[in-house]
Amino acid sequence: MSETELRELSWDEAITLASPHPYVLGVTADAAGKPNALGLGWWTICSWEPPMMAVSLGKRRYSRQALEYCRELVVCLIGEEHARGAWICGTKSGRKTDKLALAGFTTVPSLVVKVPTIAECVLAFECQLAGELETGDHILYVGKVVAIRGAAGSPKHLYSLHYRKLVAISATGEVSLAVPHEG
Ligand SMILES: Cc1cc2nc3c(=O)[nH]c(=O)nc-3n(C[C@H](O)[C@H](O)[C@H](O)COP(=O)(O)O)c2cc1C
C-alpha cells in the first residue's frame, strides 16, 4: 500500500497525523486561591462575536476541579524560550505542588478576572465560564473572553505533536523543535 493511499487508522494514529495542535497553558485557581496551569491541546476559538473560547478538560484533572470552583480561566500562549516550563505544566499535576514555580513561571494580576496571568506568556485571553458540555472522559468548557493582552513582536509559540513533543512555529512559518520527548 502506498504512503498516500487512504487506509483505516487508529484514534492514536489519527491524532498524530492531525498534528501539530496549538499548545497553550490554562491558568485556574483552587479554593485556597493557589494558581495553577495545565497544558492544553484541546482548545479552540468558538465564537467571533462575542469572542469565546472552548477548552476540553479531563474529568479527573486538578485543574478541572479548580475551574469548577473559580469559574475563570486565563488561556496563555507561551513562547519557545519557555518550552520546558510549558512542558512541565502539561506533564505534572499541581494538586500537591506549586507547579508554576516548578516550571519557572511567575504571575501578574489579570485585567478583569481574579485568576492571574502568566507573566512570561506572549498572549493571554481572560475568560469567564459561560457553559459546559460533558463529552466522554472530558468536559468541554466554554468561556467568554473578557480581556486580551499580548506582548509586542512575533515570537515562535508552541504546538504539540500528538502529546509527545512540542515544536515552535512563528507567525511566518519558521519551525523549530522546542521540547523533544525524553522517555
Ligand atoms: C501536549 C499536551 C496537551 C494536553 N492537552 C490537554 C487537554 O487538552 N486537556 C486536558 O485535560 N489535559 C491535557 N493535557 C494533560 C494535562 O496538561 C496534564 O494532565 C496536567 O498534568 C494536568 O495538570 P493538573 O493536574 O495540575 O490539572 C495535555 C498534555 C500535553 C503534554
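Modeller: One caution at the start. This is a predicted model.

Colleague: What makes the radius of gyration of the protein chain agree with that of a compact globule?

Modeller: The rule is 2.2 Å times the number of residues to the power 0.38. For 183 residues a compact globule would come out near 16 Å, and the protein chain has 16 Å, so the two agree. The C-alpha atoms fill a box of roughly 55 × 40 × 35 Å along the principal axes.

Colleague: What share of the residues counts as buried?

Modeller: The test is 20 or more other C-beta atoms within 10 Å of a residue's own. Of the 183 residues, 37% count as buried.

Colleague: Why are β3 and β4 placed at the edges of their sheet?

Modeller: Start with the order. Seven strands run β3-β2-β6-β9-β10-β5-β4, in an open sheet with antiparallel pairing. β3 (35–40) and β4 (43–47) each have a single partner strand, so one side of each has no neighbour in the sheet. Neighbouring strands here are turned by 35° against each other on average, direction ignored.

Colleague: Which helices pack on this sheet, α2 and α3 included?

Modeller: Helix α2 (residues 62–70) packs on it, touching β2 (24–29), β3, β5 (52–58), β6 (72–77) and β10. The direction of α2 makes about 55° with that of β2. Helix α3 (residues 83–91) packs on the sheet too, touching β2 and β3. The direction of α3 makes about 90° with that of β3.

Colleague: What makes β1 and β11 a pair?

Modeller: Two bridges join strand β1 (residues 21–22) to strand β11 (residues 157–161), and the strands run antiparallel. At least two are required, so β1 and β11 qualify with two. P22 has Y159 in β11 as its bridge partner.

Colleague: And how do β11 and β12 relate, and what sits in the turn?

Modeller: They form a hairpin with three residues between them. Five bridges join β11 to strand β12 (residues 165–169), running antiparallel. L158 has A168 in β12 as its bridge partner. In the turn, H162 has a positive phi of about 50°.

Technical notes. Residues numbered from 1 in each chain as written. Predicted model: local features only at pLDDT ≥ 70, side-chain atom pairs only at ≥ 80, totals over all residues. Buried ≥ 20, exposed ≤ 12 C-beta atoms within 10 Å, placed from the backbone. Helix = DSSP H or I, 4+ residues; strand = E, 2+ residues; numbered from the N terminus. Axes fitted to C-alpha atoms, helices over the stretch in contact; angles between N-to-C directions. Contact = placed C-beta atoms within 7 Å.
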